[in-house]
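Please look through the sequence and the model shown here before reading on. The paragraphs below then lead from the surface to the side-chain pairs.

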Amino acid sequence: MRFQHRMRSRGYLEVHENGRRAWYPVYFHTGLLAIVPDADARISRSILGRRAFVVEPGIVAVPSGRRRTSLPPGIPLDAPRLNESDLRTRSDRFGSLRRRIMLDAPAAVAGPFIGLLWLIVDGGGFAQFVAVSLLAAVTAIWWSAIAGSDPS
């Protein structure tokens, strides 16, 4: 399940635990597009030793944040049921690095403002402004990606 909140789109795994629903934000990968509603899942450990879910048919979903017991912010968008060729087409389209960067790039707008703030506080020249702006922009794109943004 995906939730669209303002310009941010994030994938969640809805889990029924002890008769209650909980939502786990998960890192996006193209295997998540194959998950159908009411699929069986079991708790496992990822390579890094963190909690992970193995969802039918063998898809590993690693949480990118804390469990939520209330509905996440935004508009819920449920994944459609796909046949094999549609799944392959959507995986190729949404799994590309170019699409990921294009959807995470709006966070990079803050880069030049942080560079300007750096100049005001610390001084320096044009080279420092460019370096700090690029570093801030790349960090913003990276932060969006590791926070679990969902390009689908």
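Is Ile 120 buried or exposed? With a relative accessible area of 66%, Ile 120 is exposed, where buried means under 20% relative accessible area, exposed over 50%, and partly exposed in between, computed with a 1.4 Å probe and protein chains only. This is a predicted model, in which local features need pLDDT of at least 70 and side-chain atom pairs count only at pLDDT 80 or more, while totals for chains, interfaces and linings use all residues. Residues are numbered from 1 along each chain as its sequence is written, and side-chain values use heavy atoms, with hydrogens and water left out.

Ile 120 belongs to helix 3, which covers residues 110-122; helices are DSSP runs of H or I with at least four residues, numbered from the N terminus. Together with Leu 116, Leu 117 and Val 121, Ile 120 forms a nonpolar patch on the surface, with about 440 Å² of accessible area in total. Such a patch is made of residues with over 30% relative accessible area and no salt bridge, nonpolar side chains (Val, Leu, Ile, Met, Phe, Trp, Tyr) being joined within 5 Å and like charges within 9 Å, and the areas come from the Shrake-Rupley method with a 1.4 Å probe, only the protein chains shown counting as cover for residues.

In helix 4 lies Ser 133, which is buried at a relative accessible area of 9%. Apart from its neighbours within four places in sequence, Ser 133 is in contact (heavy atoms within 4.5 Å) with Gly 111, Pro 112 and Gly 115.

The count of aromatic pairs comes to 2, where rings of Phe, Tyr and Trp (its six-membered ring) pair if their centres lie within 6.5 Å, and planes under 30 degrees apart count as stacked, over 60 as edge-to-face and the rest as tilted. The rings of Phe 3 and Tyr 12 are edge-to-face because their planes stand at 90°, with the centres 5.3 Å apart; Phe 3 is buried at 2%, and Tyr 12 is buried at 8%. Phe 126 and Phe 129 form a tilted pair, 6.3 Å centre to centre with 35° between the planes. These two residues are 3 apart in helix 4 (residues 126-146), so about one helical turn separates Phe 126 from Phe 129.

Side chains of opposite charge can pair when their charged atoms come close. The structure holds 1 salt bridge, defined as a side-chain nitrogen of Lys or Arg within 4 Å of a carboxyl oxygen of Asp or Glu. It joins Glu 14 and Arg 21 at 3.1 Å, N to O.
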